[in-house]
Each structure stands twice: as C-alpha cells, then as structure tokens.
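Trainee: I would like to go through the reasoning behind some labels in this predicted model. Can we take them one at a time?

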Amino acid sequence: MSIGTLDDLLAEGVSGRRVLVRADLNVPLDKASGAITDDGRIRAVLPTLTALRDAGAAVIVCSHLGRPKGAPDPQYSLAPVGTRLAELLGTPVTFATDTVGDSARAAVDTIASGELVLLENLRFNPGETSKDEAERGAFADQLAGFAEAYVDDAFGAVHRKHASVYDVPARLPHVAGRLVLREVEVLSRLTGEPDRPYVVVLGGSKVSDKLAVIEALLPTVDRLLIGGGMCFTFLKAQGHGVGTSLLEEEMVDTCRELLARADGKIVLPLDVVAATAFAPDAAHETVPAESIPQNRLGLDIGPLTVAAFAEVISGAKTVFWNGPMGVFEMPAFAAGTRGVAEAITAVAGFTVVGGGDSAAAVRALGLDESSFGHISTGGGASLEYLEGKTLPGIAALES
C-alpha cells in the first residue's frame, strides 16, 4: 500500500479547485489572555498551505483545539490561530465562526483561487469525535462537501478515528501533506533498521502512559534512559524510597519485571533534585536517587544523571527522545531537560524529538531547533507509531 503525496496532487493541478486541509493547529493558549504561547504547530503546516496557495488552490483549513465537549466554547476558539496564521502566511485568512454552518458555507461559497478559509474548531461539532459511525459520517459528509480534494497534514491527530481524519478521506481524493509525509518517513527509520547504537530517552509523568512503547522498544534499543516523573516508580521497584514523589503504586511490579528482563538496557537516575513542594520557589536540594527524603519530592534529574545520560547519548548514532526530564516549566527544575537536550544536539547521527512536551521544551528553553534531526508535532501519534499500532489517519490515506 502507498500514500499519495502533496506533490502528486499539485502535479494534477489544483488551480481553482477547493482543497480541504486537515491541519493540527492545537496550540497552547495562555488561560488569562488567550494568547498563543507556542506557534510551532502553525509553522509546521505552512509549507503545505503555501504550496497549495501558490498553486492557485482555494484552501479550506480545519483543525481542533483542546477538548471542548462537542459544543461551542469560546476558550477553545480557533480565532486567535486564524490571526496568527494570516501573519505567518502574509495572506488574509477568512475565519468562519462555525464548522459546517452558515458562516462556513458563506466563506466557502465565496473563496477564490489562492485564498484561505479557516473553519472554527472541529470539536465544537459532536460528529467529529463521535463513536457512532453514522453521526461521524454525517459530519464527514458535510466537511467533504466543501471540497474537491483532501490533504491530511495533521500528524498529531492521525492516531484518532475522528471524522476529519478517518472518514473524510474516504469521501474525497486524498493525499498526505508535507508534514505527515516527513513524520512517516522519520518514524519508519526508527522502526526499521536504525543506525546503532540506538538510544531512547523517555520522560514524562506516568509509566502507564509509556508502558506500551517501552515494551515495544526494549527488544530493539541499545539503551533506554528514563527520567521525569515516571522514573520514581522504577526507583521504587528497585526497593528505594521516593518520598512524596509522583508514584504509580499499581505499576511497581510491572516496572520490576521490566527491569528484570531489560538485560541492563534501562538506565535510571543517579541523583534527583528534591523539593519541599511542587512550586517554582520551593526549597530544594540534589540528593542521591536512592536517598530521597521522606518529606520531599523529586522534580528533576540531578547533575550526575545528566552527565551519565549525556555520556550514553554521545556514543549514539540514533536517538529518540520523548518526555521532559523534570518540571522544565519551572526554571529551578529545568536543568535536567536542558542538559539532556543539549547532549542530543551534539550527536552527529540521526536525532528525533518525539513531539508533545519535548517539542515544547525545546522551544521554551530557547534551544536551536535545527540542531535536531527532526522534531515531531505529534507526541501520542509518534509513540503509537513506534508501538506498531495502526494509525487510523494513516490507514485512511493508504491507497
């Protein structure tokens, strides 16, 4: 099976044709002001939108943002995204205040070649995420009715069986956008025959969120470095006290079993930064990982761990990183994530940042994005791809 590409569609000619683009514009917004705090996902879809616009397509962009409950909710409106998209493109973007209603139809009916329309949040319509195929299909019919071709450039959503991702491509000629194609090519390298040593760095809060990918990766990686909140469940599995650190008690036996069959591949922290509270100004100290005080919680890996992880990473030819090493949003607990990220930038081989909080950390810490081989836009989608799961959005594009 193969996936049609944007270049295939452009070669057919799109001038004057309406093209529906499923983008991933699910950007973080400041709760107080509503301002976009990280426009990385908007920038990621620009190459596809620019190519279509310059080829004369009438481009209809759709996306979700956040998790509204199937009804309009002002805090999840895509209006600020439309403003930022227009700034980045240097082109006016008409914003429809609904998904398939009067505003959307009026905008689509008047769109001309080289123009762009952005529909309101898809998840304001219950049909987008419905598990009822008839309800989802009815919404897909309305979306597909706007266009003559469909482009999926929303890698961050391809693991969802949603109307705009899974059902619309069954109703229109469909291709993968530049971003989705690049993501699939990169992750295929990791699941094929990666250059060795192959090192994976996993962080984040919960072992349960990463258990499936750990199970899938253990047979194939050379080293698996574990930091973030999830490391404390592993430390507890080794018999160490973890104070008041984040702990999934029900996962301790699972972690113990993973360590037993990992054959030394799993590398855990040597020291942690332990604080009196989960707060940016909390008193904190660096302590050995096996000696966390009972009244403290670990919020970052310590300098010895950064050095040990960096040494393993320095010898790698392929690195995949998903999940921060600590609470990087708080400056006092960002050194671990920064240190590991900087070690990855120094690798001469192939490096991949697996989306989500890791990608946000790269930008928040002011690191040079071009120093990484690839920064994914889809954390959950990246992990599910590495787990070997069938992603509904990718399956829908195959022809």
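Trainee: Which residue of S11 stands opposite valine 272?

Mentor: Valine 287 does.

Trainee: How do you know that S10 and S11 count as paired strands?

Mentor: Pairing needs at least two bridges. Five bridges join strand S10 (residues 271-275) to S11, so the two strands pair. They run antiparallel.

Trainee: What makes S11 and S12 edge strands?

Mentor: The open sheet has three strands in the order S11-S10-S12, with antiparallel pairing. Strand S11 (284-288) and strand S12 (297-301) each have a single partner strand, so one side of each has no neighbour in the sheet. From one strand to the next, the twist averages 40°.

Trainee: Which helix lies across these strands?

Mentor: H11 lies across S10, S11 and S12, and runs at about 40° to S12.

Trainee: Why are H11 and H12 called roughly parallel?

Mentor: The axes of H11 (residues 303-314) and H12 (residues 335-345) cross at roughly 20°. Angles under 35 degrees count as roughly parallel, so the term applies to this pair. The axes come within 9 Å, and the crossing of H11 past H12 is right-handed.

Trainee: Which residues make the contact?

Mentor: H11 contributes Val306, Phe309, Ala310 and Ile313. From H12 come Ala335, Gly336, Gly339, Val340, Ala343 and Ile344.

Trainee: How many of the contact residues are polar, and why?

Mentor: Two are polar, eight are nonpolar and none is charged. Gly counts as polar, and Gly336 and Gly339 belong to the contact, so these are the two polar residues.

Technical notes: Residues numbered from 1 in each chain as written. Predicted model: local features only at pLDDT ≥ 70, side-chain atom pairs only at ≥ 80, totals over all residues. Heavy atoms only, no water. Axes fitted to C-alpha atoms, helices over the stretch in contact; angles between N-to-C directions. Helix = DSSP H or I, 4+ residues; strand = E, 2+ residues; numbered from the N terminus. Parallel < 35°, antiparallel > 145°, perpendicular 65-115°, else oblique. Left-handed = near helix turned anticlockwise from the far one by under 90°. Contact = heavy atoms within 4.5 Å.
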